[in-house]
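Please read it alongside the sequence and the model.

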Amino acid sequence: MKKILTILIGLLGFTSCAHAQPDSVKTVSAEEFAQIIKADSVVLVDVRTAGEYNAGHIEGARNIDVLKDDFEKAALSVLSRDKAIAVYCRSGKRSMKAAKILAEDGYKIVNLRGGWLEWTEFNNKK
């Protein structure tokens with residue numbers, strides 16, 4: 001019994017570490033995100049598809065689709081490491097994927113926790 005418990009605790013620790021964010025990725029609420037993207041030292045990137053972007057996006061956002069095979073290459077060609085990168089998608093899943101890729105390339109990332117859905121809900125409450 002003790003052996004099984006030790007194994008289970010070890011597996012639990014491994015899975016929680018596997019989902020940890022890199023230090024260079026900060027996930028924030030829509031309210032915090034709104035404040036952060038006002039700074040000149042931040043580049044705003046919408047990582048959804050072109051269709052989603054065209055249907056509505058945060059003003060000033062650049063569209064780089066994380067689902068495209070050339071996402072990393074496209075991002076590296078237009079994003080400077082001198083500025084923080086604020087990313088969002090529809091709900092937060094794709095933007096976290098993009099955040100991890102960009103963080104591995106040396107960028108400081110701010111991720112909108114609930115994506116476009118949280119952003120629109122936040123702005124509708126204003």
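## Overall architecture

Among contacts in the protein chain (heavy atoms within 4.5 Å) between residues at least 6 apart in sequence, 64% join residues at least 24 apart. This is a predicted model, in which local features need pLDDT of at least 70 and side-chain atom pairs count only at pLDDT 80 or more, whereas totals for chains, interfaces and linings use all residues. Residues are numbered from 1 along each chain as its sequence is written, and side-chain values use heavy atoms, with hydrogens and water left out.

The protein chain holds 6 helices and 5 strands, taken as DSSP runs (helices H or I of at least four residues, strands E of at least two) and numbered from the N terminus. Along the sequence they follow the pattern α-β-α-β-α-β-α-β-α-β-α. Of its 126 residues, 38% count as buried, a term that means under 20% relative accessible area, with exposed meaning over 50% and partly exposed in between (1.4 Å probe, protein chains only). The protein chain exposes about 8,000 Å², of which carbon and sulfur atoms supply 55%; these areas come from the Shrake-Rupley method with a 1.4 Å probe.

Helix α5 (residues 93-104) has 12 residues and reaches 17 Å from its first C-alpha to its last, close to the 16 Å expected at 1.5 Å a residue, where the expected span is 1.5 Å times one less than the number of residues. Its buried residues are R94, S95, M96, A98, A99, L102 and A103, and what covers them includes β1, α3 (50-55), α4 (71-78), β4 and β5. Just after α5, G106 takes a positive phi of about 95°.

In helix α6 (residues 115-125), G115, E118 and W119 are buried. Seen down the axis of α6, these buried residues fall within an arc of 100°, so they line one face of the helix; the arc is that of the directions from the helix axis to the C-beta atoms. Their cover includes α2 (30-36) and β5 (109-112). S29, in the loop between β1 (25-28) and α2, counts as buried because its relative accessibility is 15%. Leaving aside residues up to four places away in sequence, S29 touches L112, R113 and E118.

## Aromatic rings

A search of the whole structure finds 4 aromatic pairs, where rings of Phe, Tyr and Trp (its six-membered ring) pair if their centres lie within 6.5 Å, and planes under 30 degrees apart count as stacked, over 60 as edge-to-face and the rest as tilted. Two of the pairs are set out here.

| Pair | Distance of centres | Angle of planes |
|---|---|---|
| F33 and Y88 | 6.4 Å | 80° |
| F33 and W119 | 6.1 Å | 80° |

With its planes at 80°, the pair of F33 and Y88 is edge-to-face. F33 lies in helix α2 and Y88 in strand β4 (residues 84-88), so this pair ties together parts that are 55 residues apart in sequence. Both F33 and Y88 are buried. The pair of F33 and W119 is likewise edge-to-face, and this pair links F33 in helix α2 with W119 in helix α6, 86 residues apart. W119 is buried, as is F33. One aromatic cluster is formed by F33, Y88, W116, W119 and F122.

Charged side chains also sit over rings, meaning that NZ of Lys or CZ of Arg is within 6 Å of the ring centre and within 35 degrees of the ring normal. R48 lies over the face of W116, at 5.0 Å from the ring centre, and R81 lies over the face of Y107, at 4.9 Å from the ring centre.
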